[in-house]
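This report describes one protein chain for a reader who has not seen it before. Please look over the sequence and the structure first.

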Amino acid sequence: MEVEHRIDIISFMAPINDASISRLIDLTYTAHAEGSSQVHLYISSVGGKLHPAITAYHFFRSLRLPFFTHNIGSIETPAALLYLASDNRSASPNAKFFFYTFEWTFYRDHIRFPEITEAYESLKFDIESYVDIFNERTNRTFDMKCCLLGPPCIMGPNEALQAGILTDERIVAPEVPELAKLWSIH
């Protein structure tokens, strides 16, 4: 009797926030529980919050089933962590990677010095964490810290391949296998 190899494709075209990442992790657990042999994450995201992105990165790095990511449009700074979690990374023609600095939101009109210091230290830590992950998952030829502290950086698939962001040198639209199970987060 032949064993069926099911591929699950999750289309993620949402901002990175607690709700979207929670849904992404839930769908991945469901796919795994239903017997998926591979999970493919098709991403196009304007980015969003960093901490849910870090959570998703560590979750996907812990998966014991094959995991693939594909940039189907634009991946902005926090979303790149989801993308980099895979060992199998590809991109569509005209896909874009957009890296820019992080921001901090104060929820009050009056801010005291300790809160400014806390925000500064937190952002500094986040930048170092992001750069560490980026360098660990790429070939270290691209200065990510420069993008996070200075002007934004935009690169297409060819530049991303040179920087080790892509692992698959074929820059093509993804193919959806006939028997794939499709999920989406929009």
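## Model and terms

A nonpolar core is a set of buried Ala, Val, Leu, Ile, Met, Phe, Trp, Tyr and Cys residues joined through side-chain atoms within 4.5 Å. Buried here means a relative accessible area under 20%. The model is predicted.

## The nonpolar core

The largest nonpolar core has 50 residues. Phe12, Leu82, Phe99 and Ile165 are the members that touch the most others in this core. Helix 2, which covers residues 50-61, supplies the largest share of the core, with 7 residues. In soluble globular proteins, nonpolar side chains tend to be buried together.

## Overall fold

The protein chain contains 6 helices and 7 strands. Read from the N terminus, the order of these elements is β-α-β-α-β-α-β-β-α-α-β-α-β. The radius of gyration is 17 Å, close to the 16 Å that the globule rule gives for 186 residues, so the protein chain is as compact as a globular protein of that length. The C-alpha trace spans about 70 × 35 × 25 Å along its principal axes.

Of the contacts in the protein chain with a separation of 6 or more, 73% are between residues 24 or more positions apart.

## Surface and charge

Of the 186 residues in the protein chain, 46% are buried. The accessible surface amounts to about 10400 Å², and carbon and sulfur atoms account for 54% of that surface.

The protein chain carries 15 positive and 23 negative charges.

## Ser11 in strand 1

Ser11 belongs to strand 1, which runs over residues 6-12. Is Ser11 buried or exposed? Its relative accessibility is 13%, under the 20% cut-off, so Ser11 counts as buried. Not counting residues up to four places away in sequence, Ser11 touches Tyr42, Trp183, Ser184, Ile185 and His186.

## Val172 in a loop

Val172 lies in the loop between helix 6 (157-162) and strand 7 (181-185). With a relative accessibility of 42%, Val172 counts as partly exposed. Which residues does Val172 touch, not counting those up to four places away in sequence? They are His70, Ala91, Ser92 and Pro93.

Asn94 is 78 residues from Val172 along the chain, and the C-alpha atoms of the two residues are separated by 9.5 Å.

## Two helix residues

Glu128 is part of helix 4, residues 113-137. The relative accessible area of Glu128 is 32%, which places it between the cut-offs of 20% and 50%, so Glu128 is partly exposed. Gly47 is 81 residues away from Glu128 along the chain, and their C-alpha atoms are 18 Å apart.

His32 is part of helix 1, residues 18-33. This residue is also partly exposed, with a relative accessible area of 45%. The C-alpha atoms of His32 and Phe125 are separated by 33 Å, and these two residues are 93 residues apart along the chain.

Key. Residues are numbered from 1 along each chain as its sequence is written. This is a predicted model: local features need pLDDT of at least 70, side-chain atom pairs count only at pLDDT 80 or more; totals for chains, interfaces and linings use all residues. Side-chain values use heavy atoms; hydrogens and water are left out. Helices (H or I, at least four residues) and strands (E, at least two) are DSSP runs, numbered from the N terminus. The radius of gyration is taken over C-alpha atoms; the globule rule is 2.2 Å times the number of residues to the power 0.38. Buried means under 20% relative accessible area, exposed over 50%, partly exposed in between (1.4 Å probe, protein chains only). Contact means heavy atoms within 4.5 Å. Accessible areas come from the Shrake-Rupley method with a 1.4 Å probe; for residues, only the protein chains shown count as cover. Lys and Arg count as positive and Asp and Glu as negative; His and the chain ends are not counted. The place of a charge is taken as NZ of Lys, CZ of Arg, CG of Asp or CD of Glu.
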